[in-house]
Amino acid sequence: MNLKNKADIRAFMQAIKGCGGNVFFESPEDKIDLKSVLSQYVFCSIMNNKKLMDSGSIRCENPEDYGKLEQFLE
Amino acid sequence: MDTYDKRLFDSKMFAGMIYSGCRMGAWCFGMESRKMYYTTCPNEQEFLMFFTMSGCLDYIFSEKVDKTKPVFLSDSLGMIWVADYIWHYGAPNLAVVIGPVFNSASSIRGIEDSLRRLNFSIRVRNNLVQILHKVPVVSVAMLYQYASMLHYVLTEEMITSDDFQFQHPAQTADRTDAEEVEVAPLPERVSMERVRTVEEGLLQMVREGNLNYKHLMQELTHLAGPDDYQVREPQRNNKNTMLIFAALCSRAAMEGGLSPRTAKNMEVEYITKIEQAKTVTELMHISENMMDDFVKKVHQCRSHPEVSRTVQECCSYIQRNLLKPLELSDIAKEVGYTEYYLTKKFYKEMGVRLSDYIKDSRIELSKIWLLTTQKSIQEISDQMYFGTRNYFSKVFRDKVGMTPAAYRERVMAASDSEEGRKGREE
């Protein structure tokens, strides 16, 4: 699933904290663990890069976590 | 032009001045709308996201902040911002933020090292690195001056560093990518972010041989709590604090160019004095002399440098990476020399073999851990890459004259005996 265009990044990161399992941004080249602080910065730094963002998607380790992130994903 | 318009105009002028002066960005947010009105920061979308994600943006609007004074904010990467407010009709109307800055170039090098460990693609890694390289490095003392100037521009009031506010507690996260040392919980009454910033500022002054360190020293003295290590006897706490600071000063002095031999001798001399001190005032006196001595020695040696920049960088890299395997090939690659040439050069300038320098540095850190953490000797040995506990004990005994267990016991026994004596006296 992909992050919505105008998603509130602070609220999104807070919601990830509440997830039971790990949440990743995965592309063919990278796997960014969004629960890790430094990786969150890496993710933020590519959010405005459409090409990089389009090359990957958000994946939750626990399927039930998708519900917690529903408002941010499309 | 009324006062409010004038202050808004002045704030924009100030934003332009600090950007042209040191590439420090500035931001303006509406207090009610929380929208950004202007910024001079490059990569504004990314930095705004960092500011938002770290919770700093929410913090400047929060009730906790006194809107009549500047507030210092920082995030998990060590970026620092300062916020202050423009008032209109008796209420804060705009928040003007300057930053981000790093207070040390080593902050960004540390982040780069961590990024390398995380195995991202070069494209993704460089994306963040290039953005972070736009963050200027500004010393704590300079940032205090910019904060005072900003406050004057927005209020026409003079202010001193005593009036500054600091965001706390420091942000916490579920997990960080850095190695962490397990210690007893710290008291909440002291902003550890502030202590760390001031401490880093002081160590930077040792590295630079900067003789204008006294105001920061005074601030650190005001901030340091008497019970940081949760041990039972107050004097032991003061001594522990100073022992660690002596080791940090010694490292900073080496990074500043002082020969390891001189720095080490000074460290040993001050550690002996600290251990022998009987009163708090005596310790305070030693503390003053120690800082002065290290700063002056570095100042002297920087006028006549003995150690090349390459070897200094090598030492700095080793100190930053003591908890990693530290292969010679990695160190050589980091400083851009062949292994053969680097080891020769290192020995020639430092009078000690590179491998011995790594071992010595790890033993020094082990001493601090033995004193201040509950880690077992096996754990320390493993985390310092000594291979086996026996080998760690052997190296430790060769350097310190006793085994790690004996060292820990002896310090604890000294602490108990001082406490017992104090009890009897009472």
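1. Starting with chain A of this predicted model: residues 24 or more positions apart make up 63% of its contacts with a separation of 6 or more. Chain A has 74 residues, and 35% of them count as buried. There are four helices and three strands in chain A, and along the sequence they come in the pattern α-β-β-α-α-β-α.

2. Ten of its ten residues are buried, so α2(A) is largely enclosed by the rest of the structure. If you want to click through them, the buried residues include Val37(A), Leu38(A), Phe43(A) and Cys44(A), along with Tyr41(A), Val42(A), Ser45(A) and Ile46(A).

3. Now the place where the chains meet. On the chain B side, 23 residues are in contact with 21 residues of chain A. Three helices of chain B, α2 (44-53), α4 (105-117) and α5 (122-132), each supply at least two residues of that side. Which of them gives the most? That would be α2(B), with six residues. Sorted by class, the side of chain B that touches chain A has eleven nonpolar, eight polar and four charged residues.

4. Helix α2 of chain A, residues 37-46, packs against α5(B) at an angle of about 85°, and the axes are 9 Å apart. Angles of 65 to 115 degrees count as roughly perpendicular, and α2(A) and α5(B) are therefore roughly perpendicular to each other.

5. Over in chain B, strand β3 (residues 71-74) is covered on both faces. Val71(B) and Leu73(B) are buried on one side, and Phe72(B) and Ser74(B) are buried on the other. What does β3(B) pair with? Strand β4 of chain B (residues 80-88) runs antiparallel to β3(B) and is joined to it by four bridges, with Ala83(B) as the bridge partner of Val71(B). Strand β6 of chain B (residues 165-166) runs parallel to β3(B), with two bridges between them; there, Phe166(B) is the bridge partner of Phe72(B).

6. Five residues sit between the strands, and Gly78(B) takes a positive phi near 95°.

7. Is Lys64(B) buried or exposed? Lys64(B) has 11 C-beta neighbours inside 10 Å, so it counts as exposed. You'll find Lys64(B) in the loop between α3 (56-61) and β3 of chain B. The C-alpha atoms of Lys64(B) and Gln167(B) are 9.1 Å apart, although 103 residues separate the two along the chain.

8. Last, a word on confidence. The predictor gives the complex an ipTM of 0.90 and a pTM of 0.53. Chain B has an average pLDDT of 81, and 82% of its residues score at least 70. Where pLDDT is low, the predicted coordinates should not be read in detail.

Key: Residues are numbered from 1 along each chain as its sequence is written. Chains are lettered from A and ligands numbered from 1 in the order in which they are written. This is a predicted model: local features need pLDDT of at least 70, side-chain atom pairs count only at pLDDT 80 or more; totals for chains, interfaces and linings use all residues. A residue is buried if 20 or more other C-beta atoms lie within 10 Å of its own, exposed if 12 or fewer, and partly exposed in between; C-beta atoms are placed from the backbone. Two residues are in contact if their C-beta atoms, placed from the backbone, lie within 7 Å. Ala, Val, Leu, Ile, Met, Phe, Trp, Tyr, Cys and Pro count as nonpolar, Asp, Glu, Lys and Arg as charged, and the others, Gly among them, as polar. Axes are lines fitted to C-alpha atoms, for helices over the stretch in contact, and angles run from 0 to 180 degrees between N-to-C directions. Angles under 35 degrees count as roughly parallel, over 145 as roughly antiparallel, 65 to 115 as roughly perpendicular and the rest as oblique. Two strands pair if DSSP finds at least two bridges between them. pLDDT is the predictor's confidence in each residue, from 0 to 100.
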